[in-house]
Amino acid sequence: MTDLPKLITDARRFFTALEADNSKAWFQEHKSTYDADLKAPAKALLDTMSAPLEEMCGDPVKSKLYRPHRDVRFSKDKTPYNTHLHMLWGTEPGGPFAPGYFFGVSPSYVTVGVGQMDFGKDGIAAWRQMVDLDGARLAEMLKGLRASGHRVSAPGLKRVPSPFDKDHPHGELLRHKGMTIWSDADETLTVDGLRARFEVLTPFVRALTGWT
């Protein structure tokens, strides 16, 4: 099993140094450290968590370790590397939504989350239908998560979209183009602790994947 506290500590140390010299020369000089101390245990964590997450959400998941290289083609910021370690377990439910489970480490955060950052064309129509018909249940779920210290992503729209009334009882939810929910962690987080955090957030994943 992955020593998650060690992975978090090693990742924060590595990316703190990379922030001070975000260059190809520095990264290549320390690539063996990245491969051994970050990439290998991160992939092991992805493998370890896949089966429990499939059991939790009831759908297949596909794991992904995001690459360290930044896509700088359309960015004014030409620094070549990301200074974080991000992982995803993406669900494959076959419906209009495809929420995922997220884990990220950087020098400034350790975070655990679920949801879908962009619902897409089919997903946004389904989301608005779900909010219109079942918004009270969603609102109550999010209220409970916020009360326990979770953060919910901000709405992507300034106004309630048509054809819904601007005074819709769940207008804030209708303004979302995607939704993610996060909890903050630190270097003491264990694999069992990560699993427990995902369990708390899984009802939101199931709310999306169960909607047809």
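## An aromatic cluster

F14, F15, W26, F27, Y34 and Y81 come together as one aromatic cluster. The model you are looking at is predicted, so local features need pLDDT of at least 70 and side-chain atom pairs count only at pLDDT 80 or more, while totals for chains, interfaces and linings use all residues. Residues are numbered from 1 along each chain as its sequence is written, and side-chain values use heavy atoms, leaving out hydrogens and water.

## Rings in pairs

The structure holds eleven aromatic pairs. Rings of Phe, Tyr and Trp (its six-membered ring) pair if their centres lie within 6.5 Å; planes under 30 degrees apart are stacked, over 60 edge-to-face, and the rest tilted. How far apart are the ring centres of F14 and F27? They are 6.1 Å apart with planes at 85 degrees, so this pair is edge-to-face. F14 belongs to helix α1 (residues 4-20) and F27 to helix α2 (residues 24-29), so the pair ties together parts 13 residues apart in sequence. Both F14 and F27 are buried, where buried means under 20% relative accessible area, exposed over 50%, and partly exposed in between (1.4 Å probe, protein chains only).

Y101 and F198 have ring centres 5.1 Å apart and planes at 80 degrees, so they too are edge-to-face. Since Y101 lies in strand β3 and F198 in helix α6, the pair ties together parts 97 residues apart in sequence. Both Y101 and F198 are buried.

Helix α6 (residues 191-209) has a kink of about 45 degrees at L201, shortly before the proline P203. The bend at a residue is the angle between axes fitted to the seven residues ending there and the seven starting there. Among the buried residues of α6 are L194, F198, L201 and F204.

The largest nonpolar core has 59 residues, and F198 and W127 are among those with the most contacts inside it. Such a core is a set of buried Ala, Val, Leu, Ile, Met, Phe, Trp, Tyr and Cys residues joined through side-chain atoms within 4.5 Å. Leaving aside neighbours within four places in sequence, W127 is in contact (heavy atoms within 4.5 Å) with residues including F97, F119, F204 and L208.

## The whole chain

The chain has six helices and six strands; helices (H or I, at least four residues) and strands (E, at least two) are DSSP runs, numbered from the N terminus. Of its 212 residues, 46% count as buried.
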